[in-house]
Amino acid sequence: MDYIVPPHTRIGHVHLKVADLDRALSFYRDLLGFEIMDRFGTQAVFLSAGGYHHHIGLNTWYSKNAQPAPVHSAGLFHTAILYPTRKDLAVIFKRLLDAKYPYTGFADHGVSEALYLNDPDENGVELYWDKPRELWPFDANGELHMYTKELDLDSLLGELTDNAQ
């Protein structure tokens, strides 16, 4: 292998096919809090965190009123949304709990803590924060060993009271 992607390369956005634009907006805008940057009538919308041109694109160009993609087929597993702090993850966790939005799982991966759910079109969504690099599980040889353990949800919610004082 002669080429390695530059170290500061980032994945800039995800663009999803949805069946109903307004239904998708009720999730990504109204629940998760992304802001509309641009809209193309009833066919497409571009959403952002913090004024970037777009982090999430939603469109119905090929998928209006379509059924979700089959689980056991090739395609997107999930979109991962990175929150800047553990407290920010706790805020969205509580917001979704209060809205009674269903989760599909929770995990501590050693490098991150994650909440899993599906959007209205059954696209997987991971909401997570990265732990500080010095806490990542490296072995004596410097090799990273991620894992999946139970996430301490009470500790996560504790971020809302611990930091409020």
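Q: Why does phenylalanine 27 count as buried?
A: The model is a predicted one. Buried means under 20% relative accessible area, and phenylalanine 27 has a relative accessible area of 1%, so the residue is buried.

Q: How do you know whether tyrosine 28 is buried or exposed?
A: The relative accessible area of tyrosine 28 is 1%. Since the cut-off for buried is under 20%, tyrosine 28 is therefore buried.

Q: Why is the pair of phenylalanine 27 and tyrosine 28 called edge-to-face?
A: Seven aromatic pairs are found in the whole structure. In the pair of phenylalanine 27 and tyrosine 28, the ring centres are 4.7 Å apart and the planes stand at 90°. Rings pair if their centres lie within 6.5 Å, and planes over 60 degrees apart count as edge-to-face; the pair is therefore edge-to-face.

Q: What makes the pair of phenylalanine 27 and tyrosine 101 tilted?
A: The centres of these two rings are 5.2 Å apart and their planes are at 40°. Stacked requires planes under 30 degrees apart and edge-to-face over 60, the rest being tilted, so this pair is tilted.

Q: Which parts of the chain does this pair link?
A: Phenylalanine 27 belongs to helix H1 (residues 21-31), whereas tyrosine 101 lies in the loop between helix H2 (86-98) and strand E6 (105-108). The two residues are 74 residues apart, and the pair links distant parts of the chain. Together, Phe27, Tyr28 and Tyr101 form one aromatic cluster.

Q: Why does tyrosine 101 count as buried?
A: Its relative accessibility is 18%. The limit is under 20%, so tyrosine 101 counts as buried.

Q: How do you know that the charged end of lysine 149 sits over the ring of tyrosine 147?
A: The charged end of lysine 149 is 4.4 Å from the ring centre of tyrosine 147. The distance cut-off is within 6 Å, alongside a condition on the direction of the ring normal, and the charge is found to sit over the ring.

Q: Why does threonine 60 count as buried?
A: With 7% relative accessibility, against a limit of under 20%, threonine 60 counts as buried. This residue is found in the loop between strand E4 (56-59) and strand E5 (78-82). Not counting residues up to four places away in sequence, threonine 60 touches Val18, Ala19, Asp20, Leu21, Thr42 and Gln43.

Methods. Residues are numbered from 1 along each chain as its sequence is written. This is a predicted model: local features need pLDDT of at least 70, side-chain atom pairs count only at pLDDT 80 or more; totals for chains, interfaces and linings use all residues. Side-chain values use heavy atoms; hydrogens and water are left out. Rings of Phe, Tyr and Trp (its six-membered ring) pair if their centres lie within 6.5 Å; planes under 30 degrees apart count as stacked, over 60 as edge-to-face and the rest as tilted. Buried means under 20% relative accessible area, exposed over 50%, partly exposed in between (1.4 Å probe, protein chains only). Helices (H or I, at least four residues) and strands (E, at least two) are DSSP runs, numbered from the N terminus. A charge sits over a ring if NZ of Lys or CZ of Arg is within 6 Å of the ring centre and within 35 degrees of the ring normal. Contact means heavy atoms within 4.5 Å.
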